[in-house]
Amino acid sequence: MAERSFAREVQDLRLGAGDEFRGEGILAVTKALLQSGVGYVAGYQGAPISHLMDVLSDAQDILGELGVHFETSASEAAAASTLAASVNYPIRGAVTWKSTAGTNVASDALSNLSSSGVTGGAVIIIGEDYGEGSSIMQERTHAFAMKSQMWLLDPRPNLPSIVKAVEDAFELSEASNTPVMLELRIRACHVHGSFITKDNQKPKYTVREALENPVRDVNRIVLPPASFLHEQDKINKRWPNAVKFIHDRGLNETFAGRHSHLGIILQGGMYNGVIRALQGLGLADVWGNTLVPLHVLNVTYPLVDDDLAAFCAGKQAVLMVEEGAPEYLEQALNTVLRRADINTKIAGKDVLPMGGEYTAGVLSEGLRKFFDRYDSSLLHTPAPSPAKVLASAEVKALATTVPPRPPSFCTGCPERPIFSAMTLAQQELGAHHIAGDIGCHLFALNEPFNIGSSTMGYGLGPSSTSAMQAPGARRAIAVMGDGGFWHNGLLNGIGNAVYNEHDGVVVLVDNYYSAATGGQDILSSRATPVGRSTNHPIEDAVKGVGAKWVRRIDRTYDVGKMLATFREALTTTATGPKIIIASSECMLNRQRREKPLFNAAVKRGERMVKPRFGVDEDVCTGDHACIRISGCPSLSMKPSGDPLKEDPVAAIDNSCVGCGNCGEVSEAAVLCPSFYRADIVSNPTAWDRMLANLRSRVIGWLQARRDSNRLAVAA
Amino acid sequence: MELAQDKPIAVAITAMGGQGGGVLSDWIVAMAEANGWHAQATSVPGVAQRTGATIYYVELIRPVAGKHPVLSLMPVPGDVDVVVAAELMEAGRAIQRGLVSPDKTVLVASTHRSLSMLEKIKPGDGTADSAPVLAAAASQAKRFVGADMQAIAERTGSVISASLFGALAASAALPFPREAFEATIRGAGVGVTASLAAFAGGFDAASGIAATSAEPSPAIPRPVGGNDSQRRQVAALFDRAHAHLPTAAHSLAEAGIARLLDYQDLAYVEEYLHLVERVAAHHPSLAPEAARQIAVAMAYDDVIRVAELKTRASRFDRVRKEIGSTAAQLVDTTEYMHPRVQEICATMPAGLGAFVERSPLLCKLLGALFDHPRRIRTTTLAGFVPLYFVAGLKSRRRTLLRHQREVAHRDAWLAVVESHAPQNPALALEILKCRRLVKGYSDTHSRGSSKFDKVIGALPLLAGRADAADWIRRLRDAALADADGKMLDGAIATVRTL
């Protein structure tokens, strides 16, 4: 079960010819796949393409009707390998993941796939996680396309263009026997728009037919001598076929403009930004009319040399708008024009920055520089600019006022107490080398925990401490989530540590989901989704590869127990990796699951108990030690309201879900007695009421007795 | 070819992950489409959706037959028509990003604060100052519509996206009437009644119709409880404070009197006033801080005090109010406590406590018996009665080990204050204020005390310097800036080089 339900969006997948689809870009891709007669879909979740996987997971019945096989791959490598079905059979297949992180993982299979070549259209939907909102290293997928000779589509970021690109991609793949990557940037994946749908197509050739009629072609296998033939085939057939198809079908678009002595060549994904920047300079309008000619590369690899030469011929200068480093396209354009002996000047990374997202402001400034250099007479409209505002004293003063707000653990997150306990363990036993991994647990890097020194990739936390061991030295600690564990970590992390008798500590954060990507189920999930096999304990898996020292904690909120387990793991004389499996359900998903059930039960009149935490403001001294060890968003501060108490006191707001971490922390760290837990009993039973009545009578009498003697000051 | 002059309406929503910025964005899109407009929305939630700062962006344009608009996927700095900020600092961040322009931007912001981690982890008051953000909002936006939208949402049992949507409607920044906004909320079909109430609250607040709250009139303290003679004595103590202390110190002295009367008894208040008057006699500028800090020092947080605060009837009522339980619900309260051997010894008569502390064997025994985390259910008799008994030890407080130590610490501190007061009242004032460093319980208390000792210990290094008071203030600020005292150690190292 994913964090979000796609029940409504699933219905959009049923739209037929002439209907209008309204929704997110990545969901439009899902519909486009079904319209293209895709035979199978696989992938690995991750922003910004998680929703493609999530919506298909919720659409099992539609997929069943069409005979489309869908699976959630164990990793991007598994997803890429799935495309092997299109090598020998004319089945259309699509896979998806976030790039470049996922493409790295997939690249072994992708190299083999593109060497073998494909018969059925093979399309890889790439969520290019680059620029603002990205959570990964800033690299380009473009390099993968070049090294493996796969084609790369980068369509204009509107739904009709994206949908057309999906359809084109399958045809291009089949025309050139080459897998095709379709790149969508973060905002394009999340863009809300509309397009006119077509009927879904049943696959022309199905997985079933392939299984019943197996084909074997030794020339498709990557083994000498075929592998040498593949290389020649790529250069002599597949590439030229692809170039011809792109040219013949006009996949790249040219928009004419009055100022034909200049031109702009751009990646399709840059189109809306470039139009807006031109609009700011008075050179285009909101309907896409432009005064400067544009050549839009909806296919950024391979390039169609003749089309580029034709666009540039006779122009004084062209600007290449290419996001990301290095400037592969600009270099290629230089080669194209040199070979064609065309002397048009090429601007690119000299007026635009080499690296970083091409935001509206960056594009506007780059275009201004380009026109200024080659025809400043075009610059008569000043582009919108925040410069004056940003230079004002009032705005400059904000630099020291507005605090940064990086992402953090959610309210009630079961991972927080793990890091609270780790903080306390380090206070006792000294600072340790701690390796991070990919997942929500990486938020421990930030305040208040400041835990984690490196991250090497998904499921690679433990192996990133491989070298970090010396007899008698403090042990290295590696943190890894259940997502990373099943993706890569079982073998490269645990198996590697067992085999090499690593002396370190591995903390496996088991929150029942691949939580950071949106709460998808994995092998060890406790849910029982139809068509998936779950409930395979991590504990069994690590023992299965030979781990001996394994401790499982089923309630991470027990900070005292977590602390004791860390203490033991860091000091025991046992050899081999010390593995702590810290299990508690992701609170976002748990709330989503339990809250409606709870409210329904209360409505039915059942006795239900809801915990909530609070701080006694007159006991709190305003030292904020609790916040430094907890970091819960719902644990904040408020003015003390007491002239004698100068600092703000801790306070818990209404978003508290009653996880208990703050109380456990104050208890384990011996902080202070300010915290209380209030169990709110809805629909109490007669016995509850009687007992409460009895208690409050006695307690009330004792309280009244003392109150009556108390001399005090009333305000 | 002539270029068209139509421009889309650009709306940026800045929020924190989990605040419902996406809901607001969806509502705007749904409303625009329902009214025949073309809408495009984007976001970059990614990991930021986990409580980090994030942004949603919407463009709206009136469609023209046969044409497709090319809209931006990100806000263009200097070219945004409406910015909706779901928190004050996020409004500040939007201004810093250049999204707010004096010639075009309507800024609709909730003025409440949701404190960032960096603000919360300071041992002192790390709260960022709201004033510069409010000033920038007022000066840089074409129109600034600001109100506490979170409070409105909470009051109506809804979420902030609904009250902000109301404020957006009231701002008239979008070309849709109020009915169109409300129809959108109804159309979404989730929590409609509460959302509409929050919407109306947001609308009114943004229209300047504030729910009027009467300013609380300054209360005149009056004694309650006890007998007539006792009440007369309390009144006399107030009169004495008013007569002997400068006006600037009156309200703090009143608070001090009230606190210490509540904490102990009339004699203790007399002791307090005596000390405050003695310090204030050196220089009137010392009076307010003397009244505050001596009260804090004398009302130290011991187990008796905690037990008393936790067992009061008024506290039971406050808990019910804070957690918002209804009369039909029962509330069971559990306290998280962890008494250590130190606290147990400190609650013994001075001689006995000191004796036990000196005996490792007894300490170990006591530790094994009592030094455990304890969850005390104060709503049951088994939990309430022991705490009630501990609170009852108040009458013996003066004989206990903790009191002896607190008095010694207090007297030593005041001696230092008074040794500097005649020649350098400014320095004496700063030393008085250093008492603020001692707070918290157990380890936190020890760390605070050690910082206090370090700052006081730096006094000889500053002997004879005209700027000694300034230095002590700097050291105190450094001590409050972080928990482990690194800033303070650095500052003291600097003092050593003077």
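The largest nonpolar core has 193 residues. Those with the most contacts inside this core are A:Trp151, A:Leu182, B:Leu107, B:Val108 and B:Ala167. A second, separate core counts 105 residues, among them B:Ala307, B:Leu309, B:Phe384 and B:Val390. The model is predicted. The predictor assigns the complex an ipTM of 0.94 and a pTM of 0.94.

- In general, nonpolar side chains of soluble globular proteins tend to be buried together.
- Helix 20 of chain B covers residues 425-433. Its buried residues are B:Leu427, B:Ala428, B:Leu429, B:Glu430, B:Ile431 and B:Leu432.

**Interface between the chains**

- On chain A, 108 residues are in contact with 127 residues of chain B.
- Helix 26 (residues 686-709) of chain A gives the most to the side of chain A that touches chain B, supplying nine residues.
- That side of chain A has 55 nonpolar, 31 polar and 22 charged residues.
- Pairing of strands also crosses between the chains: strand 23 (residues 675-682) of chain A runs antiparallel to strand 8 (residues 330-337) of chain B, and six bridges join them.
- Within this pair, A:Ile680 stands opposite B:Val331 of strand 8 of chain B.

**A parallel sheet in chain A**

- Chain A has an open sheet of five strands, in the order 15-16-17-19-18, with parallel pairing.
- Strand 15 (434-435) and strand 18 (549-553) of chain A stand at the edges. Each has a single partner strand, so one side of each is left without a neighbour in the sheet.
- Strand 17 (residues 505-510) and strand 19 (residues 578-583) of chain A pair in the parallel sense over six bridges.
- In that pairing, A:Val506 stands opposite A:Ile579 of strand 19.
- Strands of a sheet pair through backbone hydrogen bonds, either parallel or antiparallel.

**Chain A overall**

- Chain A contains 26 helices and 24 strands.
- Its C-alpha trace spans about 100 × 70 × 60 Å along the principal axes.
- Of the 715 residues in chain A, 55% are buried.
- Among contacts in chain A with a separation of 6 or more, 78% come from residues 24 or more positions apart.
- The chain is divided into domain 1 (7-248), domain 2 (253-388), domain 3 (416-589) and domain 4 (607-709).
- Taken over C-alpha atoms, the centres of domain 2 and domain 4 of chain A are separated by 62 Å.

**Chain B: domains and confidence**

- Chain B is divided into domain 1 (9-206) and domain 2 (412-498).
- The centres of these two domains of chain B, taken over C-alpha atoms, are separated by 45 Å.
- The average pLDDT of chain B is 93, and 97% of the residues score at least 70.
- Confidence in chain B is lowest in strand 7 (residues 222-224), at a mean of 86. It is highest in strand 4 (residues 82-85) of chain B, at 98.

Terms used: Residues numbered from 1 in each chain as written. Chains lettered and ligands numbered in written order. Predicted model: local features only at pLDDT ≥ 70, side-chain atom pairs only at ≥ 80, totals over all residues. Domains from an automatic or database assignment. Buried ≥ 20, exposed ≤ 12 C-beta atoms within 10 Å, placed from the backbone. Helix = DSSP H or I, 4+ residues; strand = E, 2+ residues; numbered from the N terminus. Core = buried A, V, L, I, M, F, W, Y, C linked by C-beta atoms within 7 Å. Contact = placed C-beta atoms within 7 Å. Nonpolar A, V, L, I, M, F, W, Y, C, P; charged D, E, K, R; others polar. Pairing = 2+ DSSP bridges. pLDDT = per-residue confidence, 0-100.
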